[in-house]
Structures are given as C-alpha cells and as structure tokens.
Amino acid sequence: MRLSRYFVPVLKENPAEAQIVSHRLMLRAGLIKQATAGIYSWLPLGFKVLRRLENIIHEEQQSAGHQAIQMPILQSADLWRESGRYDDYGQEMLRMKDRHDRDLLFTPTAEELVTDIFRSHITSYKDLPLTLYQIQWKFRDEIRPRFGVMRGREFYMKDGYNFDLTKQDALHSYNRHLVSYLKTYERMGLKAIPMRADSGPIGGEDTHEFLVLAETGESEVFYDSKVTDLNFGDRKIDYFDHSACQSVLDEFTSLYARTDETHEPSLFEKIPQERQCKARGIEVGQIFYFGTKYSEAMGATVTDANGQDTPVHMGSHGIGVSRLVGAIIEANHDEKGIIWPEGVTPFHCGLVNLKQGDPEADAACENIYQNLVKAGLEPLYDDRTERAGGKFATMDLIGLPWRITVGPRGLKNGVVELTSRSSGISQELTPESTINKLISIYR
Ligand code: ATP
Ligand code: MG
C-alpha cells in the first residue's frame, strides 16, 4: 500500500475526549472514528488490525476442533423469555419492536439462540461433543461507555458455546478452551493471565477471566509474580488429549491470580511477600461452565447410550475482539505512538523514501516494495513528498514493527536502513538482505 493513496486520517493534536493512551493513539493514528457514544466506525488501519485478530482467533478455534457459525445480530425476545433472562438481563439489553409489535433485541450474547439451534437438530449423544462459535457484533447499553473501544456499547466479540453429554465432558471442553485462549492471546503478543472469577449474569459454576496487565485496566488484580513468567511457547497441543490439556491448565492456574471480586487475602498471605503483586488489568476474555441451566430451561436434550433423555451440559466462552485492539496498545506503546506486536500488525513494515522524486531513491524503493509484495508481505510505502521528520513521526505513531529507510546517501554505499520500532535500533543492510531478513521474521 502507498501512503499517498491510503486513508489514514492522522491527528496532530491529542483529542481532548480521550482519557487513556490507547484511545488517544487509536484516534491519533486514524484507526477509529466515534459515530456516537460507545459506537465506532473502524477506518482502514484499525479494521486491518481487527481482521488480523479475527484470523488468529479462527485459526486457534479451529485447531481446537470448534466450528464457526454466524448468528443474527437481532434476536426475538421469545427465546429469552424461555430461559427467563428477558426480565433478568436489565437495562444493558437494547430492546425494540418491529412493525408487527413483536419484541426484538440486539444481541448482548447468544446462549439462547445457539441452544435453539442445538435442540432443533441434535438428538443423540453420538453427535457430541460439539462447540459452535461466532465472531459477531454485540450490543450492551453500558451505563458509562468510555475509554474508546475498551468499553463500547457496540463491540466485536468471539462467542463460543459447547455442548457435552456429561459434566466431565463439559469440563474437558472448558479446559480445551482455556488452553486455546492462552495460545490465542500469546499469538497476539499479549500476556493474558487466567484468573478465577465470578460468573455474573451468565450464571454457572466454573469460570476464568483472562486479564492483560495495564495501569489503565478497570479491574484490580492480585497475583503471584511467578504467573507472569509462564509462557505457552511453541508447544504443540493435542486438544483432545485430556491429560495434556489438564497439565497445561494446571501449570497456568495453580499459581494465585484473582480479580478484586474473588480475591481471598487469606490465601494470598501464603505466598512469599516479595511475590505478592497488586496491579490493574483489562479483561480480554472469559470462559464459563454453567451445566444444564439453559438446556433444562429450553429443552435441549439428547438420548444417552441407554436411550435415556438427558439435558446437555454447556459452557460459553468470549473474547473481546474490539477491546483487544485497545488492550494491545495499552501494553505496547511509547511516547511516540503504537508499537504493534508482529503477530497483529496492520502492515509488516514501513518503507520511507527520504527523497521522493529522486530517480535513484524512487527506483530503490519501488524495487524493495515489489519484492516484499512478491514474498507475500504487506509493506506500507510512504511515497509522499514530505520532509523526513514528518515521515518518521507518522511511522512511529502508526507503529509498524519495522521501518526501512531509503535515501541517496545510503544508496551510494549500496545500503538502506532497517529499524526496529520497539528497540529503536537501526542497522545498515543491502536492500536484498533487508528483504530476506523481513521474510525470515514473518515466516
Ligand atoms: P466487563 O466485566 O468488562 O463488563 P463482561 O464480563 O460483562 O465484561 P463477558 O460477557 O465476559 O463480558 O464478554 C466477553 C468479553 O467481551 C469480555 O471479556 C470483554 O473482553 C468483552 N467485552 C464485554 N463488554 C464489553 C464492552 N462493553 N466493550 C468492549 N468489550 C467488551
Ligand atoms: Mg466477563
């Protein structure tokens, strides 16, 4: 992509309405535009990041054996009356009527809708286990939308639902989800700590939230400092090997990590003082096991091996996809702008031409650009006739992990400069080795 033709409405000034750094940077780097309170349009650069997150989620969900579906944004109130949640859900649910005076609602979550799909088609235990998930816009009429996409009213969420014959099977599904979430966040360049949590309006017995540590997080968190050393790494995991999942889960959840809602200071006291940490965190996901709550209310049963009808055991799992864009920026920025982790960056590198219009510099940039594209990478080429300082400032604000700088002085010696956004370290390389280096980084 050529920056001269790309729609990135960068702001020079700090927008007054933005209280936290991710909101400020998302507006300044032209990622989003507020449409109305808690509702945003995603502009090209922001939308690209959203799509990258979505792709990672789809890949990880599918490698854990889950199937993608798409459910509607508008739901009929009737299903929610069956589960009893139409009255319980409260003012966060946006309700409306159609022209026939029928009650509709904007989906805040989809347990009822997916249970209805299940009960219409599945009658035998032989079709279990089953997990269906979607990535879809949700609406919750939050009383205080704030911090940009962090607490929106309309937000993008991955929501998944598992159906199992027994509680034991459902707990295996729970574990599979916990492990696949760890992998998902790590691929996004995030350390998300699973913390035992409260179940809230979803209801249920077992639940973990995933929190990213950040000063601006809305939750207060308490943890053993050792949890921050845990890494998923590149271990291969067979999701249907229950003991393998269990041992990853044990490793990541045996150390103390709680939000203020479930914090037990008496347990904390058993951790050596120097490892007791208190910080703030952003909730980027949550998983639940809630048993037969919805299947009993809505008649979602299967026949078991003895021919007996039995309500299925269920759980649900959510990832805050749009909130993650903010959370990633909270965890990865400096005073100059965003620093995208390589796994989610909107473009793989920036290409800065220091002397646009100079035939040699233009030809060198064109050559690097074409070769990167040929190798399957997406460079963002700043081909504007602007001074170098302005070009660097824009690239730093946008935050691509690597910048290639091309100028007549370097070209005289046959080199260009490759700079890491996170370390600021530059090296001089031939155009060819620059291209090869980027290919190997992103392989
Ligand atoms: P919170 O406690 O932050 O209000 P929640 O526990 O009500 O969130 P869940 O039902 O667990 O939310 O939804 C799954 C994920 O969706 C959350 O972990 C969070 O990342 C994201 N999410 C929830 N509400 C919002 C919102 N208003 N704006 C953006 N993302 C949200
Ligand atoms: Mg939650």
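Tutor: Q286 is buried, at a relative accessible area of 12%. E283 is partly exposed, with 26% relative accessibility. Buried means under 20% relative accessible area, exposed over 50%, and partly exposed in between, with a 1.4 Å probe and protein chains only. Both residues hold the magnesium ion (ligand 2): E283 coordinates through OE and Q286 through OE1, at 1.9 to 2.1 Å. Donors are N, O and S atoms within 2.8 Å of the metal (3.2 Å for Na, K and Ca); water is not among the atoms, so sites may look incomplete.

The model is predicted: local features need pLDDT of at least 70, side-chain atom pairs count only at pLDDT 80 or more, and totals for chains, interfaces and linings use all residues. Residues are numbered from 1 along each chain as written, chains are lettered from A and ligands numbered from 1 in written order, and side-chain values use heavy atoms, without hydrogens and water.

Now the surroundings. Of the 443 residues in the protein chain, 54% are buried. Residues 24 or more positions apart supply 71% of the chain's contacts with a separation of 6 or more; a contact means heavy atoms within 4.5 Å. The C-alpha trace spans about 80 × 60 × 40 Å along its principal axes. The protein chain has 14 helices and 23 strands. These are DSSP runs, numbered from the N terminus: helices are H or I with at least four residues, strands E with at least two.
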